[in-house]
Amino acid sequence: MKICVLVKEVPDAAVQKRIDPSTGRMDRNGEKNLNPYDTHAIEAAMQIREGGAVEVDEIVAVTMGPSTAIRALHKAVSLGADRSVHLSDDALAGSDVAATGYALAQTLKRESPDLVLLGQQSDDGECYTIGAVVADHLQMPSLTQVIQMDVEAGPPTQLRCERQAEYGYDTVQVELPAVISVGDAINEPRYPSLKAIMGAKKKPLDALAIGDVDIAADRVGESGSKVICGDFKAPPAKSAGEIIEDEDTNETVEKIVAWLDERKLI
Amino acid sequence: MADILVYALHYEGAFNKNSLGAVSEGARLAAEAGGECHAVVVGGSDLTDELCATLGRYGAAKVFRAEAPEGLAQPVIDVMAKVMDDNGHRYALFGGGLLGFEIGAGLAARLNAGVTMEVTGVNVVGGELQAERPILGDSSISTSKYKDRGIIIGRLNAFEIRGDGAGDAVVESVQVELSPWSTRAKMVQRGEQRGADVDIEGADILVAGGRGLGKAEGFELCDELAKAFGGNAAVAATRAVVDAGWYPYAAQIGQTGKTVSPKLYLAAGISGAIQHKVGMQSSENIVAINKDANAPIFEFSDLGIVGDLNKILPKLAEAVKAKKGS
């Protein structure tokens with residue numbers, strides 16, 4: 001079977017994230033990391049391959065983004081993907097979550113995957129949602145925020161998935177092909193070997209534009225997006241709390257107790 | 001017309017609180033925009049006429065009821081897409097929770113609509129809805145406007161429940177043929193509780209632990225401190241450590257866990273991700289201990305201590321015990 005893993009480049013946690021006031025879009029300077037949740041998705045693909053319940057022919061990392069997004073693909077390949085696909089086109093700039101999901105789905109159709117995996121969220125934007133958008137376009141069953149996944153060879157090949165939902169833990173049986181987003185509790189991603197890091201740039205990489213995957217230009221980008229975002233404003237100010245740097249722990253504890261006592265909390 | 005369709009999740013004979021908040025909010029918005037608020041419910045035979053009609057108390061004029069598997073998003077997408085197409089609803093609204101994200105996003109794909117998630121406020125401007133969403137770690141608020149149909153997914157607890165509606169809602173059963181892919185996911189077990197049963201919702205003081213505790217045994221420090229406070233104090237946990245098996249599910253705070261507002265919330269080794277924050281931000285007093293001075297939790301705590309919790313918690317437990325004894 002073929003597994004596609006959707007990956008995304010996100011701002012480094014140490015970089016201050018901001019909106020460019022002139023465009024209303026995220027200022028994507030300073031981005032350089034593979035979204036940490038996506039490393040769990042790649043690891044999940046590797047564990048299916050190594051688990052032996054099904055034969056995995058290929059693991060393909062797929063991303064959409066500007067030229068710098070290639071770094072996320074290299075990282076994904078160093079973690080185990082066999083090759084990668086990079087959708088990049090000026091017409092995609094400013095796409096909202098629905099347009100992005102449509103563009104990714106069109107790109108995935110070219111690969112005909114049996115399983116699409118992705119991280120359940122990224123710190124910089126569209127939490128939890130992209131998998132569900134992609135799944136509806138691909139007409140595949142879908143589950144998000146999965147923390148345990150076991151393959152049953154079948155036929156039909158199925159995944160037994162667990163996740164936390166509104167009322168406790170749910171166990172759901174999903175028939176392939178399917179789109180699954182995973183949480184960070186699903187596994188502990190491995191570290192890439194030096195050899196894998198060095199070799200990542202040599203693995204095949206398809207660079208695609210929207211015409212290559214039959215994406216309608218009027219359904220993507222700012223003009224093809226159905227949401228207009230703007231009017232950025234500051235949230236209501238919350239008075240900053242008091243901060244104590246712990247140098248002398250006895251003294252710190254005394255201060256905490258006094259603070260609690262003042263508020264009649266002890 | 002700007003009619004609004006609200007998804008009402010239910011489980012074991014009761015509607016979800018976030019759904020009831022969304023119905024209340026939908027009714028308020030529809031009244032202001034000159035439309036009606038309708039609810040949609042999907043499930044089995046336990047969705048009786050009587051139960052569905054109670055949504056009228058929260059402001060739903062009509063309830064569309066469809067029989068389909070429950071607890072999964074895709075059957076609901078099929079139902080809502082059909083109801084919205086047949087009845088011309090312009091907006092769909094969801095209360096906070098996992099299913100709302102999945103249904104709302106899938107529905108946006110199906111209807112080629114605009115979607116906004118993590119919404120904390122909705123306004124009517126010129127007869128149209130505009131959604132406010134905090135972004136970039138809640139440091140800024142962005143406003144979404146919709147070119148055509150709009151799908152609005154609330155953040156947990158964003159919408160207040162108001163039970164001041166006119167009375168019973170009209171209940172209309174709808175027949176919807178499910179998409180083939182919607183039937184290829186099946187619920188095996190729903191709502192399983194794991195680990196010990198802990199009551200954190202009634203506690204006045206909560207000592208909550210996160211990944212910063214380092215290991216499951218780290219919770220002993222939290223237990224000791226809660227014990228020192230005595231009386232109505234309990235220990236709570238973040239999703240990350242519950243999923244890792246360090247502490248029981250019943251003690252989980254946040255997006256998929258419980259929402260609490262104790263007199264004192266003491267967070268140990270918790271970074272303060274949005275998904276956690278939504279479950280505890282209405283606590284009266286928030287004290288955070290974290291070794292990372294840049295942890296987001298310091299931005300919404302009343303007292304923040306930058307330091308090693310392994311050194312601070314045991315001494316704090318001792319000092320609290322001594323203070324109580326004095």
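Colleague: Which strand of chain B does β11(A) pair with, and in what sense?
Modeller: β11(A) pairs with strand β13 (residues 185-192) of chain B in the antiparallel sense, over 5 bridges, where two strands count as paired if DSSP finds at least two bridges between them, and strands (E, at least two residues) and helices (H or I, at least four) are DSSP runs numbered from the N terminus. This is a predicted model, in which local features need pLDDT of at least 70 and side-chain atom pairs count only at pLDDT 80 or more, while totals for chains, interfaces and linings use all residues. Residues are numbered from 1 along each chain as its sequence is written, and chains are lettered from A and ligands numbered from 1 in the order in which they are written.

Colleague: Which residue stands opposite B:Lys186 there?
Modeller: B:Lys186 in β13(B) has A:Gln173 standing opposite.

Colleague: What scores does the model get?
Modeller: The model has ipTM 0.89 and pTM 0.90. For chain B the mean pLDDT is 94, with 99% of the residues at 70 or more; pLDDT is the predictor's confidence in each residue, from 0 to 100.

Colleague: Back to the two chains, how many residues of each are in contact?
Modeller: Chain A brings 67 residues into contact with 75 residues of chain B, counting two residues as in contact if their C-beta atoms, placed from the backbone, lie within 7 Å. On chain A, the elements that each supply at least two residues of the side touching chain B include α3 (97-109), β9 (142-152), β11 (168-175) and α7 (249-262). By class, that side of chain A divides into 33 nonpolar, 17 polar and 17 charged residues, where Ala, Val, Leu, Ile, Met, Phe, Trp, Tyr, Cys and Pro count as nonpolar, Asp, Glu, Lys and Arg as charged, and the others, Gly among them, as polar.

Colleague: You listed β9, so is A:Gln145 in that strand buried or exposed?
Modeller: A:Gln145, which has its place in strand β9 of chain A, is buried, because 25 other C-beta atoms lie within 10 Å. The cut-offs are 20 or more other C-beta atoms within 10 Å of a residue's own for buried, 12 or fewer for exposed, and partly exposed in between, with C-beta atoms placed from the backbone.

Colleague: And which residues is A:Gln145 in contact with?
Modeller: Leaving aside neighbours within four places in sequence, A:Gln145 is in contact with A:Gln120, A:Tyr128, A:Arg163, A:Gln164, A:Ser181, A:Gly183 and, from the other chain, B:Leu98.

Colleague: What does chain A come to overall?
Modeller: Chain A has 7 helices and 15 strands, its C-alpha trace spans about 65 × 45 × 40 Å along its principal axes, and 48% of its 266 residues count as buried.

Colleague: Why call helix α2 of chain A enclosed?
Modeller: Helix α2 (residues 70-78) of chain A has 7 of its 9 residues buried, so the helix is largely enclosed by the rest of the structure. The buried residues of α2(A) are A:Ala72, A:Leu73, A:His74, A:Lys75, A:Ala76, A:Val77 and A:Ser78, and α2(A) is followed by A:Gly80, which has a positive phi near 140°.

Colleague: How far apart are the end C-alpha atoms of helix α1 in chain A?
Modeller: They are 23 Å apart, which agrees with the 22 Å that the 16 residues of α1 (residues 36-51) should span at 1.5 Å a residue, the expected span being 1.5 Å times one less than the number of residues. Just after α1(A), A:Gly52 takes a positive phi of about 85°.

Colleague: Switching to chain B, which domains are assigned?
Modeller: The assignment gives domain 1 (4-183) and domain 2 (205-325), with bounds that come from an automatic or database domain assignment. Their centres, taken over C-alpha atoms, are separated by 34 Å, and 6 residues of domain 1 are in contact with 7 residues of domain 2.

Colleague: And which strands run parallel to β11(B)?
Modeller: Strand β6 (residues 91-94) of chain B runs parallel to β11(B), joined by 4 bridges, and strand β7 (residues 114-119) of chain B is likewise parallel to β11(B) with 4 bridges. B:Leu93 stands opposite B:Ile152, while B:Val119 stands opposite B:Gly154. In strand β11 (residues 150-154) of chain B, 5 of the 5 residues are buried; B:Gly150, B:Ile152 and B:Gly154 point one way, and B:Ile151 and B:Ile153 the other way.
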